[in-house]
Amino acid sequence: MKNLIERLHIKYSLTDIVNQRDNFVYLTIRKENAIDLVTYLKDYEGFSHFVLLSCVDWIEDGKFQLSYFLNQPNKKFDIAIRTMIDRENAEMQSSHHLWKHIETYQRELREMYGINFPKNPRIEENFILEGWDEIPPMRREFDTKRYSEKTFFPREGRKTYDPATYMKDKLYPNAPITAKVNKKDE
Amino acid sequence: MEIDFNKILFAIIGLIIVLNWGLLMSSIMRKIGARVAGRHGIPWFQPWVDLVKNYAIRSQITHGVMFYLGPVFRLSGGVGLFLFMPMIFGSDLWINFSFKGDIILILYFQFFGMLGMALGAGEGGQPHSFIGISRGLSQFTAIEVPMTLAVISLAVQYQTLSISDIVEAQQGGFMNWTIITNPFASIAAMLSLLGAFGHSPFNLVKAPNEIPIGPPTEYHGTYLGVLRTNAAILHVVEAVLFMNLFFGGAGSWLELIVKSFLIYFWSVFVGMVFPRFRIEQSVVWFLKVPLILGIIAIILL
Amino acid sequence: MTNDKLNKNQIEDVSKFFAPENKKKNVETPDGQIIEVNPLSDYFSEARPKVHEPNSSKVVETFLNWARAESLWVLGFGTGCGSIEIPPLLTPRFDAFRFGVQMRPTPRQSNVIIISGYLAVKTLKRVIRSYEQMQNPKYVLALGSCTINGGMYFDSYNTINRLDKYIPVDVYVAGCMPRPEALLAGFMKLKELIKAGKAENANKYVENFDEYKANQKKIIKDWNMPDYNW
């Protein structure tokens, strides 16, 4: 498989390679070449199974990270292709023509992160949320707790406890303070 | 024409007995089903409670005139079947309004309720009802064919179209019963009975976990109460019909109860053992095994 | 605008959410005449629900309430993780049939709806539709802490916190998730309430109809159905 990665590196000039396991590699590539690489892997290297398409919100860098997970069933080999796209007017080339189910993933990403995939069928339709008019809920600037308090009716009297102190106070009040003793021992 | 009030009174009393026996029978059968599954099952009075509950639903909605008339047609199908069925052989009072040639009318009444139901449920507008109706009618048509062949075979055998006469011809020990004297017609009819009762292999039409509950999807409250009342009457009357045709009729209410219970149990027993047929499978099955037996019964005569 | 009719402006506001077959359209009659059809107001009933008073005779009402309590038909409707706690009720171990609890597949014939766990806004819409299609003596059994105060999803953007703001609840069964025994105990409590004549929440829903509708419409933004689903 090292052979394959080297060939890919020469062909597509990958920006980063992370060997996660013997049979699992993360490849990072520029946005323009990502779909080319996915297509190449599907057509020439036997990566016939598309596992999933996921997104990570790097709000500090102003980037979204898209990951295309591919599987080569014959050689039991996985490759994840990462690519960074801008958060502002996030847009990515659609790859729904490669596998049918990418269409659904892309609709979900459109709804949850607001990433546009032009030419993806039914991209404007509701996927899970119906009539959502806020900013996409999985973006990290969306404050889900405040939205919940504003929209739904929180019942008064709900308290939150730190589990460790709560258990010590309520359940084992006479127990020795084991955690501190252990620290002193160390 | 003079009206025989005595007969009307006894018909009403008979109807009440049949209704309660039908409800009790359904509860016993569900109890047996539960015991087969290892459960306690419903209390024995559950069908009555369900009936009262359904009649006590406060709000009801309608979809039009036929929606009202659907359960009414179904009930008149069941009650009509009862009215023209001689219940007890040899009794002047419990033979209801049976007459020469009543078997033709009874065959018609069996279909009557189904058609009324189809019209009523069709007006409900629920797509599941339409699917249920089309399934129900196609299955019932397939049931009717071997059933009618068996009845024709009987009519030729006994040279009569009156149920009372058929019962009379079978008196004098079980060796005279039609199930012994004309086994092919009897078996064909008993197999079609499985479909008429709608227990397991052929309960696709009304099974709650199929296309939700089939034709009565939209029916609720009093409508459903009427349908359930009719189901209780119909089950007993159909069992009594088969008892009259093939098992020598009944000389007393006790004999009727035992025989109708056993005939109904035949269908439940098969239902406990076999899984459900799809509609195309059941139609093909009815047009294969019982139909061939029915044709053999006709040819042999 | 009479009180009995829907507010037409609200319909216009959300018309962008309608399915194509529910949008206003021009239809040609067999005579060649062209008429405008607004499916929402023409095909669906706009009437408001009515309060159905209990029977005036106390003896009759007690008897009927006993029958209602002994014959609880549950709508086979599962939301969230609690829906997996309902099937064991019908198995030999718990056997809810003993108590007159039976499952029905259609809302028309059922009296009890079990809200089994967290309720997404999208599901709430379906719950309201099913609840409103049930006929008058109808009861709501809310399962799990999610229906009480949001449970572990209290800060989720998509699950409601308090069910009783949207539909009236008869019995809460606390727990995360309550076991089938707790669910049976909930059924027993519901029976007690019905026999005591205290389970009149279907009428309460009608009396406070505007309030419930305002709460529902606050979170269901694509309200593309009639105000009351007959």
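Me: Buried area is the accessible area (1.4 Å probe) that two parts lose on being put together, summed over both. How much do chain C and chain A bury between them?

Reply: About 2,200 Å², and 52% of that is on carbon and sulfur atoms. This is a predicted model, where local features need pLDDT of at least 70 and side-chain atom pairs count only at pLDDT 80 or more, while totals for chains, interfaces and linings use all residues. Residues are numbered from 1 along each chain as its sequence is written, chains are lettered from A and ligands numbered from 1 in the order written, and side-chain values use heavy atoms, with hydrogens and water left out.

Me: How many residues from chain C and from chain A does the contact take?

Reply: Chain C puts in 26 residues and chain A puts in 22. Contact here means heavy atoms within 4.5 Å.

Me: And how many salt bridges across the interface of chain C and chain A?

Reply: The rule finds four between chain C and chain A. It asks for a side-chain nitrogen of Lys or Arg within 4 Å of a carboxyl oxygen of Asp or Glu. One pair that forms a salt bridge is C:R126 with A:E130, and the closest N and O atoms of that pair are 3.0 Å apart.

Me: OK, chain B now. What area is buried between chain C and chain B?

Reply: Chain C and chain B bury about 2,700 Å², and carbon and sulfur atoms give 57% of it. This contact takes 32 residues from chain C and 32 residues from chain B.

Me: How many salt bridges between chain C and chain B?

Reply: The count for chain C and chain B is four. In one of the salt bridges the side chain of B:R58 meets that of C:E200, at 3.1 Å from N to O. For the side of chain C that touches chain B, α3 (58-70) and β4 (101-104) of chain C each supply at least two residues. The most comes from α3(C), with seven residues.

Me: Single residues next. Where is B:I42?

Reply: B:I42 sits in the loop between α1 and α2 (46-55) of chain B. B:I42 counts as buried because its relative accessibility is 3%. Buried means under 20% relative accessible area, exposed over 50%, partly exposed in between (1.4 Å probe, protein chains only).

Me: What is B:I42 in contact with, leaving aside neighbours within four places in sequence?

Reply: B:S27, B:R30, B:K31 and, on chain C, C:F97. As for B:K31, it is 11 residues from B:I42 in sequence, and the C-alpha atoms of the two are 6.3 Å apart in space.

Me: Back to α1 of chain B. Why does B:I8 count as partly exposed?

Reply: Because its relative accessible area is 32%. B:I8 is found in helix α1 of chain B, which covers residues 5-36.

Me: Last one, B:S162. Which loop is its place in?

Reply: The loop of chain B between α5 (127-158) and α6 (163-169). B:S162 has 4% relative accessibility, so it counts as buried. Not counting residues up to four places away in sequence, B:S162 touches B:F99, B:K100, B:G101 and B:D102.

How values were computed: Helices (H or I, at least four residues) and strands (E, at least two) are DSSP runs, numbered from the N terminus.
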